[in-house]
Amino acid sequence: MTALATTPSYDPSLAAPRAPTMTATTREKAAKTAKAFESQFVSQMYQHMFDGIETDGLFGGGSGEKMFRSLLIDEYAKITTNRPGGSGFGIAPAIEKMLLKQQEV
């Protein structure tokens, strides 16, 4: 018996690099990540701003306020960056553009 020599078929579309395509989920993920980054940035900025504010001794203060102040500042940042109109501080669109560019989409 003789063995038949089989040659693999050549598909030129497999050899050519493909340009990545942008899907709706890619853009949504980039936008969500950019908003989260903007919110974290604003939270850090607010943290420094609130460091100079003393707590009210009569109705506030204590370990509870110290413990939950960072959570309150995070919520202030989320409200600031997710306000109606979607403008926030204006950092998110630039970050989203950079993320999409890094993915070459």
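1. Glutamate 75 is partly exposed, since its relative accessible area of 39% falls between the cut-offs (buried is under 20%, exposed over 50%, with a 1.4 Å probe and protein chains only).

2. A quick word on the model: it is predicted, so local features need pLDDT of at least 70 and side-chain atom pairs 80 or more, while totals for chains, interfaces and linings use all residues. Numbering runs from 1 along each chain as its sequence is written, and side-chain values use heavy atoms, leaving out hydrogens and water.

3. The whole structure has 3 salt bridges. One of them joins arginine 27 and glutamate 96 at 3.6 Å, N to O. That pair ties together distant parts of the chain, 69 residues apart: arginine 27 is in helix α2 and glutamate 96 in helix α4 (residues 92-102). Arginine 27 is partly exposed at 39%, whereas glutamate 96 is buried at 16%.

4. Another salt bridge links glutamate 38 to lysine 35, with the closest N and O atoms 3.9 Å apart. Both residues lie in helix α2, 3 residues apart. Have a look at glutamate 38: it is buried, with a relative accessible area of 0%, while lysine 35 is partly exposed at 22%.

Conventions. A salt bridge is a side-chain nitrogen of Lys or Arg within 4 Å of a carboxyl oxygen of Asp or Glu. Helices (H or I, at least four residues) and strands (E, at least two) are DSSP runs, numbered from the N terminus.
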